[in-house]
Amino acid sequence: MNAPFLSHLEELRWTLLRCIIALMVCAIPCGIFWQHIYEYIALWPLHLSDPVPQIIFTAPTDAVYFIIKIALFTGTLLASPFLFFQLWHFAAPGLYQKEKAVLVPVVICSTLCFFAGIAFCYVFLPLFLRFLIGFAGGLMEPLFRVNEYFSFLIRMCLIFGMAFELPVISFVLSRMGLITPAFLIRYLRHAIVIIFIAAAILTPTVDILSQLLFGIPLVLLYGISILVSGLTVSRLLPANSS
């Protein structure tokens, strides 16, 4: 009876190992060219700030930790198609054959949605940073510690990247018959409350504007997930009835 569980555990071990190897392979060149990545990825969200913050490090090891962070983060972005493939492939043995057939399209959509979330973050983040820096009213010079700033940037990118996976998750769960559009609509008010609680926890400030900037896109994504679920269920009904 434990054989299937042990087999699944072994597959999980190999899945994690393949993901780690892919991440390391992609992170190495990112670490080599970290200066270009720093200029075009790390500094770009600050371009609308007035004044533009100065990036500093205050400990001898800060620069080393920053290079490791930037290599791992951008390596994750490069490896994301393979990582999503491994994730969904690991889940595929527990799905029916009709769900396995959409594995590749789901991987492609997951990757596109992930990058769409990061792109949205890069549109929203410069305005958000300008708003936060504006609290000083020009009376203080903004100095950002490199690791604190880049950790903030990574966290925001990952939050939006994973949040944009909601429609893909809705599609998969709808195909599995675990959710329906009626279920999502029924719990819409609960979802909105949870979204804004998450916004209050995840955003770096407690002001209402930050929570709205984070919460409204998630509510819209939840609405898109309802539409995706409805389209998925409507396409499955004729097949099930036949």
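F124 and F160 are both buried (under 20% relative accessible area with a 1.4 Å probe, protein chains only; exposed is over 50%, partly exposed in between). This is a predicted model, where local features need pLDDT of at least 70, side-chain atom pairs count only at pLDDT 80 or more, and totals for chains, interfaces and linings use all residues. Residues are numbered from 1 along each chain as its sequence is written, and side-chain values use heavy atoms, with hydrogens and water left out.

## Aromatic pairs

There are 15 aromatic pairs in the structure (Phe, Tyr or Trp six-membered rings with centres within 6.5 Å; planes under 30 degrees apart are stacked, over 60 edge-to-face, the rest tilted). Take F114 and F115: they sit edge-to-face, 5.9 Å centre to centre with 75° between the planes. F114 counts as buried because its relative accessibility is 3%, while F115, at 33%, is partly exposed.

F124 and F160 make a tilted pair, at 5.3 Å and 55°. That pair links distant parts of the chain, 36 residues apart: F124 is in helix α5 (residues 103-133) and F160 in helix α6 (residues 146-163) (helices are DSSP runs of H or I, at least four residues, numbered from the N terminus). Both rings also belong to one aromatic cluster with F120, F128, F164 and F214.

## How α5 meets α6

The two helices, α5 and α6, pack at about 135°, axes 7 Å apart (lines fitted to C-alpha atoms over the stretch in contact, angles running from 0 to 180 degrees between N-to-C directions). Residues in the contact (heavy atoms within 4.5 Å) include F114, F120 and F124 of α5, plus F152, M156 and F160 of α6.
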